[in-house]
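Colleague: I would like to go through how to read a ligand site and a metal site in a model. Please show me the case first.

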Amino acid sequence: MLEAVNVTKYYNSLCALKDVSFRIEEGEIVSFLGPNGAGKSTLFHILVGLLRNYTGDVFYKSRKVFPFKDRGYRSIVGFVPQATFLERELTVEENLRIGALLYGVKNHREVVDSFLRRFDLFELKDRKVEHLSGGMKRKVVIVKSMLHRPRLLFLDEPTTGLDVNVRHDIWNLLIRISKEESVTVVISTHYMEEAESLSDRVFIMNRGSIVVDGRPEELKSLVGRYVVEESTAKGMIRRYFDSKDDAIRFMNDRGMEASTIRLREVSLEDVFIKVTGENERDSSNLL
Ligand code: ADP
Ligand code: MG
């Protein structure tokens, strides 16, 4: 449905994206997971048609997408940028109406009204945005991006800065939107757990490239199922095993001390470390 072919983007001499290629199928929820600076926002700006001067191509349903020019494409895309703004002084309903008008939504009053009701915002509709919690604001922004009924919804770090419970509320909202509106959802995140629990497929990015992609379970099985972490003077050493018994046998054989080792299930963080070869410190902002 959406395809990128060798997308490459330089900011002067800095290579922000290098030969990025992938396909996203209709109805999927996919995540681009990577640390700060990996190129996620740059990629999203290209995919939604807001950035030019890149090489490579983006296709939607086999038709090439041209930055800025493609009105048809713009009308089927919803985008929640990393820094999102609402009019603080206006109410929830007024903010949604502005969004609907900007997109030329027909019957905008009725549409806004139905979204307010369906997504449990009706009670809050007359509240000024400045009095909402961070999570509620994020919810309003997401609903606002859906008013023109896009087929493809891009959200750039939709939950960054929110606490864990609120993050889960936003995941549930996105899962609902994906199902009820049959929209393809593309998010970027640096939260491993988010990518793992929310997405059908994950693209792990690092330094402008997609280093690996697949279903979360597939990705984890690339490294093993269990990991033994050992703290040593040189840093953390990780050893991967296909079964818990193998891991425990290894620890017993080596007579390892409980204070310096930990046995746990493999996570996407392990996949990231393994495929990028970058150590824990580099990836610590992924937690
Ligand atoms: P992410 O969203 O994954 O944090 P970005 O796409 O924002 O990554 O950034 C990728 C790289 O491009 C980083 O090295 C960043 O500093 C650089 N970059 C991003 N935007 C600009 C810009 N407008 N001008 C110059 N460099 C930029
Ligand atoms: Mg970003």
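This is a predicted model: local features need pLDDT of at least 70, side-chain atom pairs count only at pLDDT 80 or more; totals for chains, interfaces and linings use all residues.

Modeller: A polar contact is a pair of N or O atoms within 3.5 Å. Here an oxygen atom of ligand 1 lies 2.9 Å from a polar backbone atom of Ser 41. For Gly 39, the distance from a polar backbone atom to a ligand oxygen is 3.0 Å, and for Ala 38 it is 3.2 Å.

Colleague: How much of the accessible area of ligand 1 does the protein cover?

Modeller: On its own, ligand 1 has 560 Å² of accessible area, and the protein covers 59% of that.

Colleague: Which elements each supply at least two residues of the shell around ligand 1?

Modeller: Strand E2 (14–24) and helix H1 (40–47) do. H1 gives the largest share, three residues. The surrounding residues include Tyr 11, Pro 35, Lys 40 and Thr 42. Sorted by class, the shell has five nonpolar, five polar and one charged residues.

Colleague: What are the protein donors of the magnesium ion?

Modeller: For a metal such as this, donors are N, O and S atoms within 2.8 Å. The protein donors of the magnesium ion, ligand 2, are Ser 41 through OG and Gln 82 through OE1, at 2.1 to 2.2 Å. These two residues are 41 residues apart and link distant parts of the chain: Ser 41 sits in helix H1, Gln 82 in the loop between strand E6 (77–80) and helix H3 (92–102).

How values were computed. Residues are numbered from 1 along each chain as its sequence is written. Chains are lettered from A and ligands numbered from 1 in the order in which they are written. Side-chain values use heavy atoms; hydrogens and water are left out. A residue is near a molecule or strand if one of its heavy atoms lies within 4 Å of it. A polar contact is a pair of N or O atoms within 3.5 Å; within protein, one must be able to donate a hydrogen and the other to accept it, and residues adjacent in sequence count only if both atoms are side-chain atoms. Accessible areas come from the Shrake-Rupley method with a 1.4 Å probe; for residues, only the protein chains shown count as cover. Helices (H or I, at least four residues) and strands (E, at least two) are DSSP runs, numbered from the N terminus. Ala, Val, Leu, Ile, Met, Phe, Trp, Tyr, Cys and Pro count as nonpolar, Asp, Glu, Lys and Arg as charged, and the others, Gly among them, as polar. Donors are N, O and S atoms within 2.8 Å of the metal (3.2 Å for Na, K and Ca); water is not among the atoms, so sites may look incomplete.
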